[in-house]
Amino acid sequence: MINNDKIRYFFICIAILFFISAFFLPGVIIMSLKIILFSSGDVLNFGMGTEFYMFGMIAFLFLGLASILFIFKKWILRIMAIFLCLISITFLILSVDEYFYIQKDGFTMNEFSSLGKHSFIPWDKIEEIQYVYKANENSPLRIQLNLIDGSTYNIPFNGFSANMKNMLRDYVAPHGGKLVDVDEE
């Protein structure tokens, strides 16, 4: 028979693991999960924004806090723990939901706020791709896709998008689009 002390120690250990892993597991687990779920064989370059890391971190911290609340016998604290688990699952889903990738026939992106609805943009619909720089700096802030219909899509610049410049130029140029460097206004 398991006594209450062993259960408490178990939940304390689980909480400590969640708190420590909140700083590195979002990058390992969530990034790997995104690549497995959304990257197929015809993807030339796969990337994601950086918000996923913050939301994954929050999810793991909430799971640690929920583990601590499960130690107590008061039912209100256990209901709060269940509520925190549900919130953390929501944060995990949101952190997995944002990505972009390049294919030979176009650009696919699922913005952070779209909640599962991805956008496919064929190369011939892109009028201009802008690498937006902060004035007097060498590293871009974001990549902006300007479409023929006047709509725009912004991609945060990070390690995933750093090596895309030549690839984007090679794919958009034959379809009448151009790639330019601009300073932020």
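**Helices α2 and α3**

I began with helix α2 (residues 25–38), which packs against α3 at an angle of about 115°, with the axes of the two 9 Å apart. I took the axes as lines fitted to C-alpha atoms, for helices over the stretch in contact, with angles running from 0 to 180 degrees between N-to-C directions. The model I am reading is predicted, so local features need pLDDT of at least 70 and side-chain atom pairs count only at pLDDT 80 or more, while totals for chains, interfaces and linings use all residues. Residues are numbered from 1 along each chain as its sequence is written, and side-chain values use heavy atoms, with hydrogens and water left out.

On the α2 side I listed Leu25, Pro26, Gly27, Ile29, Ile30, Met31 and Lys34, and on the α3 side Phe52, Tyr53, Gly56, Met57 and Phe60, where contact means heavy atoms within 4.5 Å.

**Helices α3 and α4**

I then looked up helix α3 (residues 51–69) against helix α4 (residues 75–96), and found an angle of about 165° with the axes 8 Å apart. These two helices are therefore roughly antiparallel to each other, a term for angles over 145 degrees. I recorded the crossing of α3 past α4 as left-handed. Among the residues that meet here are Phe52, Phe55 and Leu69 in α3 and Leu77, Met80 and Phe91 in α4.

**Ser21**

Next I turned to Ser21, which I placed in helix α1 (residues 4–21). The Ser21 side chain reaches the backbone oxygen of Phe18 at 3.3 Å. Setting aside neighbours within four places in sequence, I found Ser21 in contact with Pro26 and Phe60.

**Gln130**

My last entry is Gln130, which lies in strand β5 (residues 126–133) and is buried, with a relative accessible area of 15%. Its side chain makes a polar contact with the side chain of Glu128 at 2.8 Å (a pair of N or O atoms within 3.5 Å; within protein, one must be able to donate a hydrogen and the other to accept it, and residues adjacent in sequence count only if both atoms are side-chain atoms). Not counting residues up to four places away in sequence, I saw that Gln130 touches Arg142, Ile143, Gln144, Asn146, Val180 and Val182.

Key:
Helix = DSSP H or I, 4+ residues; strand = E, 2+ residues; numbered from the N terminus. Parallel < 35°, antiparallel > 145°, perpendicular 65-115°, else oblique. Left-handed = near helix turned anticlockwise from the far one by under 90°. Buried < 20%, exposed > 50% of the residue type's maximum accessible area, 1.4 Å probe, protein only.
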